[in-house]
Amino acid sequence: MRRGVRIAVDPGSTRIGVALSDPSGMLATPVETVRRGDGDLDRIAELVLENEAREVVVGYPASLSGEAGPAARRARSFAEALARRLAPVPVRLVDERMTTVTAEEQ
């Protein structure tokens with residue numbers, strides 16, 4: 001993995017959790033909670049610029065079977081809008097299945 005700060009985004013229906021990684025991409029720390037709605041993409045864009053983020057990762061809450069339910073469809077739509085706003089900074093979806101288990105194991 002290339003070194004550089006990453007911003008992780010967890011889009012909820014009313015709030016968006018934002019975390020910032022260290023330059024190695026191994027440890028993320030919560031930064032702030034952004035209210036969902038007007039200006040949310042702009043605030044995330046500000047954080048990307050302020051922190052010179054290499055990329056943005058958006059949590060993708062697929063079901064355990066891999067199906068895309070309503071929350072996953074909303075996350076994908078949000079990621080697409082964010083990618084348009086942040087270009088050329090890459091935005092990618094990250095499958096959240098089993099992330100808590102993996103984090104606890106590490």
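Guide: The protein has three helices and five strands, where helices (H or I, at least four residues) and strands (E, at least two) are DSSP runs numbered from the N terminus. Starting at the N terminus, their order is β-β-β-α-β-α-β-α. The model is predicted, so local features need pLDDT of at least 70 and side-chain atom pairs count only at pLDDT 80 or more, while totals for chains, interfaces and linings use all residues. Residues are numbered from 1 along each chain as its sequence is written, and side-chain values use heavy atoms, with hydrogens and water left out.

Of the 106 residues, 30% are buried, meaning under 20% relative accessible area with a 1.4 Å probe, protein chains only. Contact means heavy atoms within 4.5 Å; among contacts between residues at least 6 apart in sequence, 53% join residues at least 24 apart.

Now the part itself. Helix α1 covers residues 40-50 and helix α2 residues 70-86. Their axes, lines fitted to C-alpha atoms over the stretch in contact, lie 10 Å apart at an angle of about 55 degrees, with angles running from 0 to 180 degrees between N-to-C directions. On the α1 side, D40, L41, D42, I44, A45 and V48 take part, meeting F78, A81, L82, R85 and L86 of α2. By class, this contact has eight nonpolar, no polar and three charged residues, with Ala, Val, Leu, Ile, Met, Phe, Trp, Tyr, Cys and Pro counted as nonpolar, Asp, Glu, Lys and Arg as charged, and the others, Gly among them, as polar.

Terms used. Buried < 20%, exposed > 50% of the residue type's maximum accessible area, 1.4 Å probe, protein only.
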